[in-house]
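The following explanation is intended for a reader who is meeting this structure for the first time. Please keep the sequence and the model in view while reading.

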Amino acid sequence: MQNSILLQAARGEAVERPPVWMMRQAGRYMRVYRDLRQKYPSFRERSENSDLAVEISLQPFHAFRPDGVIMFSDILTPLPGIGIPFDIIESKGPVFEAPIRTQEQIDALTPLDPETSLPFVRQILQTLQKEVNGEATVLGFVGAPWTLAAYAIEGKSSKDYAIIKRMAYTEPTMLHQFLGKLAEAIATYACYQIDAGAQVVQLFDSWAGQLSPQDFKNFSLPYLQQIIRQVKATHPETPLILYINNSAGLLELMAHSGVDIVSLDWTVDMSVARQRLGANMGVQGNMDPCILFGPQDFIRQNILDTVLKAGTHKHIMNLGHGVLQNTPEENVACFFETVKQLKYSSLLG
């Protein structure tokens, strides 16, 4: 079970080809998912009912046989466990009835006890381990403090993040307290996922790309480092991946977080990213998801270009963001088949 190609590559071991999975691997582009969503319209039910979440997690595994199976969940899932309730509206996304805006709200937050508030996560990961039976690496994932704080403070998705940035600039001490509490909870949650069966954990700091490099150093990086230190202290062998959307200006700082792999979006050339990150840093990605709307020969050529630029060491093939709604399933199949047929020995001599 410890010998899957994705886990080997993530640990820096030699592999014969790049392993491959997709962000948002399970979801709306798949007919079987849309059919199930009709029956169970609540996103939180789909992601917090262990039987449903396992079924959804395995839909792309059964269809495409990726090298990684990521649990179907949401980065916001642990927030109610520390005292931040939310809901997810199908057409609107996350909604917080009481956004975090005051010191009193932050003081009222409680430490995360995953076994009490998130037992379904353990059930999902344990079941996925049994179901994939060593044929794929099981991935868990968590949201990073800045991104979780952005949702909780804004109260919903945002275009400009003006509310959290105003807090950062006018009440930084209060925001730092909130970020610290989130970091503690997320470190606990990541360790819980690993103990339940996650072999690799990806951290999503999706909205940190909205920060200047200096603000990233102040309000995101220290809390990423805190999480990674805590996880590595007890689970040193578990590879950790960091993904940030619009991260081309932050790559070197991402590498300083302590993660094993930096997941790249498509706004940076893979060969340039390799140079900037150095030979020892693993990389993931980074094909534009919209390429999957193109002809299959075009898809294959872009995969080949990415793999050639990434080289043979510690690269996990992926998209530069999640697979998009309405992506043709046959093109997703082409993506996986193409990567799995590659051989470094013949590709790179």
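Predicted model: local features only at pLDDT ≥ 70, side-chain atom pairs only at ≥ 80, totals over all residues.

The paragraphs below treat the nonpolar core, the strands, the aromatic rings, the cysteines and one glycine in turn.

In general, nonpolar side chains of soluble globular proteins tend to be buried together. Here the largest nonpolar core comprises 132 residues, and within it Phe178 and Phe335 touch the most other members. The greatest contribution to this core comes from helix H10 (residues 172-196), which supplies 15 residues. When neighbours within four places in sequence are set aside, the contacts of Phe178 include Ile84, Ile100, Ile106 and Leu109. Ala149, Ala152 and Ile153 are also in contact with Phe178.

The strands may be considered next, with S6 (residues 240-243) as the point of reference. In a regular strand, side chains alternate between the two faces of the sheet. In S6, Leu240 and Leu242 lie on one side while Ile241 and Tyr243 lie on the other, and all of these residues are buried, leaving both faces covered. Strand S5 (residues 200-204) runs parallel to S6 and is joined to it by 4 bridges. Within this pairing, Val201 has Leu240 as its bridge partner in S6. Strand S7 (residues 261-263) also pairs with S6 in the parallel sense, over 3 bridges. There, Ile241 stands opposite Ile261 of S7.

How many aromatic pairs does the structure hold? There are 10. In one of them, Tyr161 and Trp207 have ring centres 5.8 Å apart and planes at 35 degrees, so the pair is classed as tilted. Tyr161 belongs to the loop between helix H8 (145-154) and helix H9 (162-170), whereas Trp207 belongs to the loop between S5 and helix H11 (213-219); the pair thus links parts of the chain 46 residues apart. Tyr161 is buried, having a relative accessible area of 4%. Phe204 and Tyr243 form an edge-to-face pair, with 6.0 Å from centre to centre and 65 degrees between the planes. Because Phe204 lies in strand S5 and Tyr243 in strand S6, this pair ties together parts that are 39 residues apart in sequence. Both Phe204 and Tyr243 are buried. Elsewhere, ring pairs join Tyr33, Phe43 and Phe72 into a cluster.

Charged side chains also meet aromatic rings. The charged end of Arg44 sits over the ring of Phe86, 4.5 Å from the ring centre. Arg65 lies over the face of Phe61, at 4.3 Å from the centre of that ring.

The cysteines raise another question: how many disulfides does a search of the whole structure find? The search finds 0. A disulfide is a covalent bond between the sulfur atoms of two cysteines, and the cut-off applied here is 2.5 Å. The sulfur of Cys290 has its closest cysteine sulfur in Cys334, at 16 Å, which is too far for a bond.

Finally, Gly12 is found in the loop between helix H1 (5-10) and helix H2 (31-39). Gly12 is partly exposed, with a relative accessibility of 27%. Beyond its neighbours within four places in sequence, Gly12 is in contact with His313 and Lys314.

Conventions
Residues numbered from 1 in each chain as written. Heavy atoms only, no water. Core = buried A, V, L, I, M, F, W, Y, C linked by side-chain atoms within 4.5 Å. Buried < 20%, exposed > 50% of the residue type's maximum accessible area, 1.4 Å probe, protein only. Helix = DSSP H or I, 4+ residues; strand = E, 2+ residues; numbered from the N terminus. Contact = heavy atoms within 4.5 Å. Pairing = 2+ DSSP bridges. Phe/Tyr/Trp six-rings, centres within 6.5 Å; stacked < 30°, edge-to-face > 60°. Lys NZ or Arg CZ within 6 Å of the ring centre and 35° of its normal.
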